[in-house]
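Work through these exercises with the model open beside you. Try each task before reading its solution.

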Amino acid sequence: MNTVLITGATSGIGEQLTRDYISSGWTVIACGRNKDKLQELASIDTRVKPLEFDVSDDESVREAFSALPEIPQLWLFNAGSCEYIDKGEIDSPLISRVMDVNFTGVVRCVEAAQPYFKPGHRVAFVGSIASEVALTRSEAYGASKAALSYFARSYKNDIAASGVDVSLIFPGFVKTPLTDKNDFAMPMLISVEEASKRIMHGLSKNRDFIYFPRRFTWILRVIGALPYQWQAKITSGLVGSQGEQ
Ligand SMILES: NC(=O)c1ccc[n+]([C@@H]2O[C@H](COP(=O)([O-])OP(=O)(O)OC[C@H]3O[C@@H](n4cnc5c(N)ncnc54)[C@H](OP(=O)(O)O)[C@@H]3O)[C@@H](O)[C@H]2O)c1
């Protein structure tokens, strides 16, 4: 029997992962802010253990991790939010909000979870392929995921000797409540079921870096390997421009 802790289990990719890990016989510590949704998930199976906390609240995170129902072997830090900057109008509260969930929120969770890490555990971070290329309107979201990517890769080196593995997940566009709000065309959008399958497969093979869908993420990785000046030419208006849909 295995146990996974999933943050952001109340919606989208995290909810699908919760359902799929339960179907695969795992115990899931399902984390989120939404009490009703957590109760709904807990009603699926007694192996869903709800844990309510807000990743942007230090005290809430500390309390939750001091009351873990059991110690997971897989820690899947998935909670995230997305807000866009419009027409280059920098809005620092917006950027702080997004950073506080997607970057500092993850760091808070790792800090609270680290006393429980043991050799053989895996810590997985849900980043975004947006971290690889500077896309328009992504001054908040893209920067938060780029910070998370750097953090995860640096952390991976630092805890390797302790026997704890780190995975970094780079999804392309996935149809979830987060992307339902987007007002632009999303190339190669995949279902949440497909995303969950890709993540579970990659983690089951102990992959350190998990990219999907393959074609879209390859295209962005190739663009990301070009000189910045070329990248800027290719990406201006590629993804994120308003009114493209
Ligand atoms: N969908 C995509 O195309 C896509 C692409 C690349 C990466 N990702 C990443 O995948 C992850 C999941 O995204 P999704 O598409 O599944 O989005 P989603 O459906 O909006 O789900 C996001 C989850 O994160 C939780 N969350 C947000 N802020 C939180 C906070 N302060 N404290 C605790 N939980 C919080 C949400 O809980 P509430 O319901 O309480 O808000 C929800 O459960 C995110 O990290 C996202 O950046 C998504």
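**Exercise 1. The cavity**

Which residues line the largest cavity? Find them, then sort them by element and class.

Solution. The model is a predicted one.
- Step 1: Count the cavities. A search of the whole structure turns up 1 cavity of 30 Å³ or more.
- Step 2: Take its volume. The largest cavity holds about 30 Å³ of space.
- Step 3: List the lining. Thr-7, Val-55, Phe-77, Asn-78, Ala-79, Val-101, Gly-105, Val-106 and Cys-109 line the largest cavity.
- Step 4: Assign elements. Helix α5, residues 104-113, gives the most to this lining, with 3 residues.
- Step 5: Sort by class. The lining has 6 nonpolar and 3 polar residues, and no charged residues.

**Exercise 2. The largest pocket**

Solution. 
- Step 1: Start with the volume. The largest pocket has about 1000 Å³.
- Step 2: Go to the lining. It consists of 48 residues, and Ala-79, Gly-80, Ser-81, Cys-82 and Leu-178 lie nearest the pocket centre.
- Step 3: Name the elements. Two or more lining residues come from each of α1, β2 (27-32), α4 (92-102), α6, α7 and α9 (214-224).
- Step 4: Sort by class. The lining splits into 22 nonpolar, 19 polar and 7 charged residues.
- Step 5: Compare with Exercise 1. Ala-79 is listed in the lining of the largest cavity and also lies among the residues nearest the centre of the largest pocket.

**Exercise 3. The ligand**

Solution. 
- Step 1: Check polar contacts, using a cut-off of 3.5 Å between N or O atoms. A ligand oxygen is 2.6 Å from a side-chain N or O atom of Arg-33. A ligand oxygen is 3.2 Å from a polar backbone atom of Gly-8. A ligand nitrogen is 2.8 Å from a side-chain N or O atom of Asp-54.
- Step 2: On its own the ligand has 880 Å² of accessible area, and the protein covers 90% of that.

**Exercise 4. The second largest pocket**

Which residues lie nearest the centre of the second largest pocket?

Solution. 
- Step 1: Take the volume. About 270 Å³ of space lies in this pocket.
- Step 2: Read the lining. Of its 15 residues, Arg-198, Arg-207, Ile-210, Tyr-211 and Arg-214 lie nearest the centre.
- Step 3: Name the elements. α8 (192-204), β7 (209-212) and α9 each give two or more residues.
- Step 4: Sort by class. The lining divides into 7 nonpolar, 3 polar and 5 charged residues.

**Exercise 5. Backbone checks**

Solution. 
- Step 1: Pro-213 is in the loop between β7 and α9.
- Step 2: Locate the lysine. Lys-87 is in the loop between β4 (74-77) and α4.

Methods. Residues numbered from 1 in each chain as written. Predicted model: local features only at pLDDT ≥ 70, side-chain atom pairs only at ≥ 80, totals over all residues. Heavy atoms only, no water. Polar contact = N/O pair within 3.5 Å; in protein donor to acceptor, adjacent residues only side chain to side chain. Areas by Shrake-Rupley, 256 points an atom, 1.4 Å probe, with all protein chains shown as cover. 1 Å grid on protein atoms, 1.4 Å probe; cavity = no way out; pocket = protein on both sides within 12 Å on 5 of 7 lines; lining within 4 Å. Points joined across faces, edges and corners; volume = space filled by probe spheres on them. Helix = DSSP H or I, 4+ residues; strand = E, 2+ residues; numbered from the N terminus. Nonpolar A, V, L, I, M, F, W, Y, C, P; charged D, E, K, R; others polar.
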